[in-house]
Amino acid sequence: MLRRLHRIGALDESKNKLDYVLGLKIQDLLERRLQTQVFKLGLAKSIHHARVLILQRHIRVGKQVVTVPSFIVRTESQKHIDFALNSPLASGRPGRTKRKRSKAAAEGGGEEAAEE
C-alpha cells in the first residue's frame, strides 16, 4: 500500500510509516487526478475546461489518449501529459470550422481572380 501511494505521488518517499498514510487527506488524492493536473500544467483555463478537453480526446498521457477525468496520474507519467497528436489544439490538423473557412476562402479567392 505504501509503494502504491508513493507511485501515485500521494505520499513522499521519506514518509514510510502508517501514521503518514492515516494523515492523508482527500485533497491529496484529488490533486493526482488528470483533470487537476491538466489545469495545474496550464493546458486548460479552468478545472471545468480541463474536464471538457479530456472528454473531447484532446489530452494524452505518454502515447495514450485518456478520456477519463478521474484518471490517477503517477509521478513518472506526470511529465508526459500533453495535447493529443491529432488535436487541433496541439497544432495538428485544423479543426472543423477552420477547415471549412479556409476551403471557402480558397473557393472565394479563385472566383475573384477569374473575374479580374
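Reader: In which helix is the place of Gln-27?

Author: Gln-27 belongs to helix α3, which covers residues 26-30. Helices (H or I, at least four residues) and strands (E, at least two) are DSSP runs, numbered from the N terminus. The model is predicted, so local features need pLDDT of at least 70 and side-chain atom pairs count only at pLDDT 80 or more, while totals for chains, interfaces and linings use all residues. Residues are numbered from 1 along each chain as its sequence is written, and side-chain values use heavy atoms, with hydrogens and water left out.

Reader: Is Gln-27 buried, partly exposed or exposed?

Author: Buried means under 20% relative accessible area, exposed means over 50%, and partly exposed lies in between (1.4 Å probe, protein chains only). Gln-27 has 47% relative accessibility and therefore counts as partly exposed. Leu-30, also placed in helix α3, is partly exposed at 37%.

Reader: How many salt bridges does the count come to?

Author: A salt bridge is a side-chain nitrogen of Lys or Arg within 4 Å of a carboxyl oxygen of Asp or Glu. By this rule there are two salt bridges. One of them joins Lys-40 to Glu-31, with the closest N and O atoms 3.7 Å apart. Lys-40 is exposed, at a relative accessible area of 54%, whereas Glu-31 is partly exposed at 27%. Asp-82 and Arg-60 also meet in a salt bridge, at 3.6 Å from N to O. Asp-82 lies in strand β3 (residues 81-83) and Arg-60 in strand β1 (residues 59-61), so this pair ties together parts that are 22 residues apart in sequence. Asp-82 is partly exposed, at 32%, and Arg-60 is buried, at 17%.

Reader: Which residues form a nonpolar patch on the surface?

Author: Patches are made of residues with over 30% relative accessible area and no salt bridge; like charges are joined within 9 Å, and nonpolar side chains (Val, Leu, Ile, Met, Phe, Trp, Tyr) within 5 Å. Accessible areas come from the Shrake-Rupley method with a 1.4 Å probe, and for residues only the protein chains shown count as cover. Here, Met-1, Leu-18 and Leu-22 form such a patch, with about 380 Å² of accessible area together. Leu-22 is in helix α2 (residues 18-22) and is exposed, at 67%.

Reader: Which residues line the largest pocket?

Author: Rolling a probe the size of a water molecule over the atoms shows where empty space is left. On a 1 Å grid over the protein atoms alone, a pocket is an open set of points where a 1.4 Å probe fits, with protein on both sides within 12 Å along at least five of seven lines; lining residues have an atom within 4 Å of a point. The largest pocket is lined by Arg-4, Leu-5, Arg-7, Ile-8, Phe-71, Ile-72, Arg-74 and Ser-77. Its volume is about 200 Å³.

Reader: What is the phi of Arg-57?

Author: Most residues other than glycine have a negative phi. Arg-57 is not a glycine, yet its phi is positive, at about 65°. Arg-57 is placed in the loop between α5 (47-55) and β1.

How values were computed:
Points joined across faces, edges and corners; volume = space filled by probe spheres on them.
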